[in-house]
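Subject: Structure for you to look over

Dear colleague,

I am handing over the structure below, together with notes on what was found in it. Please read the notes with the coordinates open beside them.

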Amino acid sequence: MTASDTNIVTLENVAKHFGAVRALDGVDLKVDAGECLGLVGHNGAGKSTLMHVLAGTLSPGAGSMGIRGHDLTGSYNVTAAGENGIRCVFQELSLCPNLTVAENARIFHPSLTGWGWKRRAGAMIRDKLDEIFPGHGIHADDVVGDLSIGKRQMVEIARAFTTTDTPLHLVILDEPTSSLDAHTSKQLLDFVRKAVGEGQSCILISHVLGEILTYSDRIVVMKDGLVVASRAGSDFTRDTLVAAMGNVVEMEEIKEREARDVNRDHAPLVIEARSDTGQDSVPFVAHKGEIVGLAGLASHGQTAMLLKIYDAAMRGRNTATVSGPVALVAGDRQTDGVFHLWSIARNIGVRSLRNMVRNGLIDPAAEAEMGREWQERIKIKAPDMNDNILSLSGGNQQKALFARALASDAEIILMDDPMRGVDVGTKLEVYDLIRAEAQKGRTFLWYTTEMDELYNCDHTYVFRDGAIVADLSRGDLSEEKVLQSSFKASA
Amino acid sequence: MSVIRVLSGRAWVWSFLGMFLVWLVTAVYTGGKGSADVITAALSFATFTVIVGIGQMFVITTGPGNVDLSIPSTIALSGAVAMKLMGSSNDMLAIGLAASLGCGLAVGIFNYLLIRVLRIPPIIATLSSSFLILSTAIAYGRGLKIKPPPMLAEFTTAQVGGVPILAIVIILFAILMSVVLNRTVYGRSVLAIGQNMRAAWLAGINVERIRFMTYVLSALLAAICGFLLSGFSGGASLNMGQEYLLASIAVVVIGGTSVAGGKANVPGIWGAAMFMFLLVTMLNTLGASAGIRLIMTGLIIVAVITIAGGDEPQR
């Protein structure tokens with residue numbers, strides 16, 4: 001048994017600094033063949049940086065890299081990663097939006113040439129999608145830009161598992177389930193287990209600890225650019241894993257939270273809307289101070305409902321009844337949220353520009369103050385709020401978008417699956433923040449693909465095929481009921 | 001050292017550096033004779049490029065695909081209408097200016113309607129509207145040979161110690177527009193839209209109103225340029241705007257504004273406009289023929305954009 005047979009990756013003492021930020025501070029990592037490695041850690045712990053190093057898109061400042069028994073320190077790059085069968089599904093999706101699914105699949109496979117390459121690439125990606133996500137509803141000639149973020153994620157994942165001439169050894173999945181609903185997440189993770197059983201390796205990064213605990217052979221915990229624990233998956237429980245991550249927040253079961261005391265009869269109605277389908281079983285309503293959930297399988301009309309309400313509020317249209325200013329927290333942060341040329345503070349302040357005007361001009365001090373206040377309140381991990389927003393890790397960018405909405409004068413906050421890439425500790429803090437703000441009279445509309453988050457909501461509307469099919473109050477809410485409503489048509 | 005680092009991080013420095021270099025070469029070649037006059041001339045002519053350049057800058061900053069190609073024809077129409085209305089009389093100055101601004105407003109609204117209502121890409125919309133505008137100017141100003149009112153001619157050509165009054169006014173105006181860009185809700189909105197239009201809309205910015213204001217601003221500035229230019233050059237002519245098509249875009253880009261949108265720079269426009277004028281002067285002084293002059297101008301602009309446009313690649 002030589003090292004090259006069983007060992008895919010051996011990193012020793014790998015470091016990467018960005019200015020003063022020590023993203024990786026001497027990391028050792030081994031991945032063996034036929035292993036599913038779970039990788040967890042807080043936002044900014046260095047997980048994504050480590051994966052960029054493995055994918056060859058970032059070269060480490062120090063340390064050695066051994067890939068399948070060869071020492072590739074200093075010469076490792078994207079091409080070498082491809083030749084060694086290492087693929088990566090990044091958190092920021094990397095498909096070309098102007099190309100079709102088949103054309104995107106072809107980019108990975110230079111050997112697909114000559115007549116009919118498009119047909120062959122299409123067949124290849126379609127077969128893989130069928131294998132991983134049966135019933136996915138994606139066509140090979142769909143333009144990627146027209147797909148929802150969940151479907152784009154599915155294409156990206158399926159593409160990483162396609163093979164032509166070079167065999168596949170390791171697939172890195174960085175937050176693969178953050179844009180997928182419970183059903184497709186399970187399809188993916190089951191597929192990962194099957195692939196691992198066939199001898200491929202996989203690195204799974206996720207903030208959903210249940211997934212990591214159930215599906216990983218070995219779990220690596222990162223903190224502040226270091227690996228702080230690496231043990232067999234069966235050695236961890238949810239609590240020990242949270243403890244290893246250094247989470248100071250008491251891990252409490254959200255499900256056991258008591259329903260908040262909101263009396264629908266007395267609070268004034270702030271939103272009333274219907275979907276465009278005309279098939280709703282009940283209208284969508286929200287009262288002042290309520291947290292209202294939008295559930296169901298991913299992209300079944302929840303985002304469309306939020307945008308309809310947003311549009312009605314912004315343009316003063318009567319397509320929906322909305323009383324009060326609105327703000328939106330984007331989930332698809334690259335497309336809908338982040339201003340990539342601006343600092344963190346500016347990204348937070350953009351929704352509140354009007355309130356920062358003194359004598360006709362924007363007051364830089366007010367803007368800086370808002371940045372400072374929210375850095376503290378929502379714990380954005382950054383040395384300086386004047387740094388560019390892209391210097392933040394994905395989860396911290398998401399926190400900045402939260403801060404943008406919460407810092408504004410909006411009385412109604414629309415949230416479009418906003419917890420993508422946010423770690424457990426922060427999530428709990430943001431939940432508390434949301435509940436506290438709701439107590440003060442703000443209304444929250446919350447689309448989420450994570451079942452647990454619905455237990456924060458006073459009311460949950462379940463969507464299917466663009467229409468509202470169920471209205472569950474906090475007392476009636478259960479995972480079974482949500483899933484039952486989500487699937488009724490096909491069952 | 002750190003001063004150099006800070007300066008080289010600011011895109012507008014390059015245009016001023018270029019300006020200084022070509023001026024130096026000219027001065028050395030002529031042995032310093034008339035090099036102050038060259039600056040005066042450069043200020044006079046650059047002023048008009050700066051006026052339209054600022055408008056173009058706001059348009060380009062609203063994002064990829066946004067550009068105003070109707071600037072030259074708006075200059076022509078505004079000049080023709082104003083000259084004909086004023087008929088060389090000082091009493092009619094205010095009415096002439098108002099008519100000019102009216103032309104600009106109409107052009108801006110028309111451009112925006114083409115872009116918004118008919119969903120025509122801005123480059124096509126403003127190009128086709130420029131044909132309509134120029135035809136209007138031709139129909140309106142056939143055989144136009146009217147001198148500007150004396151007061152206007154005087155104002156546009158007056159100097160104080162070798163510095164044109166108009167240049168001073170436009171320098172102050174540029175400072176004002178720099179403040180508008182960086183410190184007002186409108187300016188911030190333009191910068192946000194240029195980075196990501198959808199994200200800007202979802203962050204509460206009224207994207208369509210801002211775009212409307214931007215196209216109107218550009219047309220208004222082109223109209224003002226036409227009004228002043230006809231005073232400066234002793235009357236309006238139909239092709240007086242021609243050179244401002246490329247010039248307005250070139251000064252924006254050389255001045256450090258990102259063609260991809262979202263990043264703009266007002267001081268750089270002044271540097272770039274001076275640079276462009278001094279470049280042609282230098283080539284003239286060196287005795288380059290018209291053909292060589294054009295080739296060199298083209299090459300040098302490409303070179304400056306390559307060096308100064310050394311942005312970190314956008315992802």
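Which residue of chain B forms a salt bridge with A:D336, and how far apart are the closest N and O atoms? The partner is B:R198, and the closest N and O atoms of the two residues are 2.6 Å apart. Please keep in mind that this is a predicted model, and that the values in this message are computed from it.

The interface

The count of salt bridges between chain A and chain B is 2, and 10 residue pairs, both members at pLDDT 80 or more, are found in polar contact across the interface. On the side of chain A that touches chain B, the elements giving two or more residues are α10 (302-315), α11 (333-336), β17 (361-362) and α13 (364-378); α10(A) provides the largest share, with 5 residues. Sorted by class, that side of chain A has 15 nonpolar, 5 polar and 10 charged residues.

The size of an interface is often expressed as the accessible area that is lost when the parts come together. For chain A and chain B the buried area is about 2,500 Å², and carbon and sulfur atoms give 59% of it. Within chain A, the residues that lose the most area to chain B are A:F339, A:L341 and A:I362, which together make up 22% of what that side buries. In terms of residues, the contact takes 30 from chain A and 24 from chain B.

Aromatic pairs

Over all chains, the structure holds 11 aromatic pairs. One of them is formed by A:F284 and A:Y461, a tilted pair with 4.7 Å from centre to centre and 35° between the planes. This pair links distant parts of the chain, since A:F284 lies in strand β12 (residues 284-287) of chain A and A:Y461 in strand β20 (residues 459-464) of chain A, 177 residues apart. A:F284 counts as buried because its relative accessibility is 0%, and A:Y461, also at 0% relative accessibility, counts as buried.

In chain B, B:F48 and B:F232 form a tilted aromatic pair, with 5.1 Å from centre to centre and 55° between the planes. B:F48 belongs to helix α3 (residues 35-61) of chain B and B:F232 to helix α11 (residues 207-232) of chain B, so the pair ties together parts that are 184 residues apart in sequence. B:F48 is counted as buried because its relative accessibility is 0%. Ring pairs also join B:F48 and B:F232 with B:F45 and B:F277 in a cluster.

Two further residues

In chain A, A:N104 lies in helix α4 (residues 101-107) and is buried, with a relative accessible area of 0%. If its neighbours within four places in sequence are left aside, A:N104 is in contact with A:L95, A:C96, A:L99, A:V144 and A:R159.

In chain B, B:L77 is placed in helix α4 (residues 71-86); with a relative accessible area of 10%, B:L77 is buried, the cut-off for that class being under 20%. Again leaving aside neighbours within four places in sequence, B:L77 is in contact with B:C103, B:I133, B:T136 and B:A137. Of these contacts, B:C103 is 26 residues from B:L77 in sequence, while the C-alpha atoms of the two residues are 7.3 Å apart in space.

With best wishes

Definitions and conventions:
Residues numbered from 1 in each chain as written. Chains lettered and ligands numbered in written order. Predicted model: local features only at pLDDT ≥ 70, side-chain atom pairs only at ≥ 80, totals over all residues. Heavy atoms only, no water. Contact = heavy atoms within 4.5 Å. Buried area = accessible area lost by both parts, 1.4 Å probe. Salt bridge = Lys/Arg side-chain N within 4 Å of Asp/Glu carboxyl O. Polar contact = N/O pair within 3.5 Å; in protein donor to acceptor, adjacent residues only side chain to side chain. Helix = DSSP H or I, 4+ residues; strand = E, 2+ residues; numbered from the N terminus. Nonpolar A, V, L, I, M, F, W, Y, C, P; charged D, E, K, R; others polar. Buried < 20%, exposed > 50% of the residue type's maximum accessible area, 1.4 Å probe, protein only. Phe/Tyr/Trp six-rings, centres within 6.5 Å; stacked < 30°, edge-to-face > 60°.
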